[in-house]
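This report looks at the pockets of one protein and then at one of its sheets. Please keep the sequence and the structure in view while reading.

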Amino acid sequence: MRRAGLVTAEGLRAMGAAVRPGVTTAELDRIGRRVLAEHGARSNFLDYGADWGYPPYPGVVCISVNEVVVHGIPGGRVLEEGDIVSIDFGAIVDGWHGDAARTFPVGEVDGASCALSETTRRSMWDGIARIRVGARVGDVSHGVEASLHSHGRPYGILREYTGHGIGTAMHQPPDVPNYGRPGKGPRIVAGMCLCVEPMATLGGEDVAELDDGWTVVTCDSSRAAHWENTVAVLPDGLWVLTEPDGGRAELEARGAPFASLD
């Protein structure tokens, strides 16, 4: 899973470096495909959903611009100055999965959108820092929610889409909501891998799915941000599999236990 996580991180880095006005979302998808091929990895997004009767997902990356929260399908949409774009990407290596998301500015972006992305990023790390052997999923969920509510404005928190367990499949139990009560939910045990992925908006929490069966947009057309990492729970600490440094800097800044196996 560490190998899959590093491929995921490299894909996000490469796609993020290519984000600029005039680039299409299809061009970003092609970069993701190239990174997977270079590392001999497979996509865990491509054709996802076909086994459950959904329209097979056609890309290797979800690219969600502005009011699109998640599952934006790559295509001809051209990025424009001032947009924000959330890129959700994953990889499979030897049957094991990695999954992560980042939100990037397109050129010069307004202050509210920048603050939304940064607040969402911090809430991801504040939630991750609550992960402990013996803790509950609700502790993580509450950490995300409390962080999002601590910055002086009421960000919308998506309730219909959550983080999740991950391993030999991209989505496994338990669900990891971005809101909740501490001390509630499944107990966290050593050996778990969890994806913590807050999705927040500048407006309300209500969303709608478009007719393509995938694209999720805010009902009030407010902008959204999405951040995600895959985290391994080890007996003596945490290892963020989709961060090159294992998440050490962010975890230690929050007093959370770091356990590197590199």
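## The second largest pocket

In this predicted model, the second largest pocket holds about 180 Å³ of space. Its lining is made up of 14 residues, and those that lie nearest its centre are Asn 44, Tyr 48, Asp 51, Trp 52 and His 97. Sorted by class, the lining of the second largest pocket comprises six nonpolar, six polar and two charged residues.

## The largest pocket

The volume of the largest pocket is about 640 Å³. There are 27 residues lining the largest pocket, and the closest to its centre are Tyr 48, His 71, Tyr 161, His 171 and Trp 214. Two elements, strand 6 (163-165) and strand 7 (172-176), are those that give two or more residues to this lining.

When the lining residues of the largest pocket are divided by class, eleven are nonpolar, nine are polar and seven are charged.

Strand 9 (residues 199-201) and strand 12 run antiparallel and are joined by three bridges; in one of the pairings between residues, Ala 200 has Ala 225 of strand 12 as its bridge partner.

Conventions. Residues numbered from 1 in each chain as written. Predicted model: local features only at pLDDT ≥ 70, side-chain atom pairs only at ≥ 80, totals over all residues. Heavy atoms only, no water. Pairing = 2+ DSSP bridges. Helix = DSSP H or I, 4+ residues; strand = E, 2+ residues; numbered from the N terminus. 1 Å grid on protein atoms, 1.4 Å probe; cavity = no way out; pocket = protein on both sides within 12 Å on 5 of 7 lines; lining within 4 Å. Points joined across faces, edges and corners; volume = space filled by probe spheres on them. Nonpolar A, V, L, I, M, F, W, Y, C, P; charged D, E, K, R; others polar.
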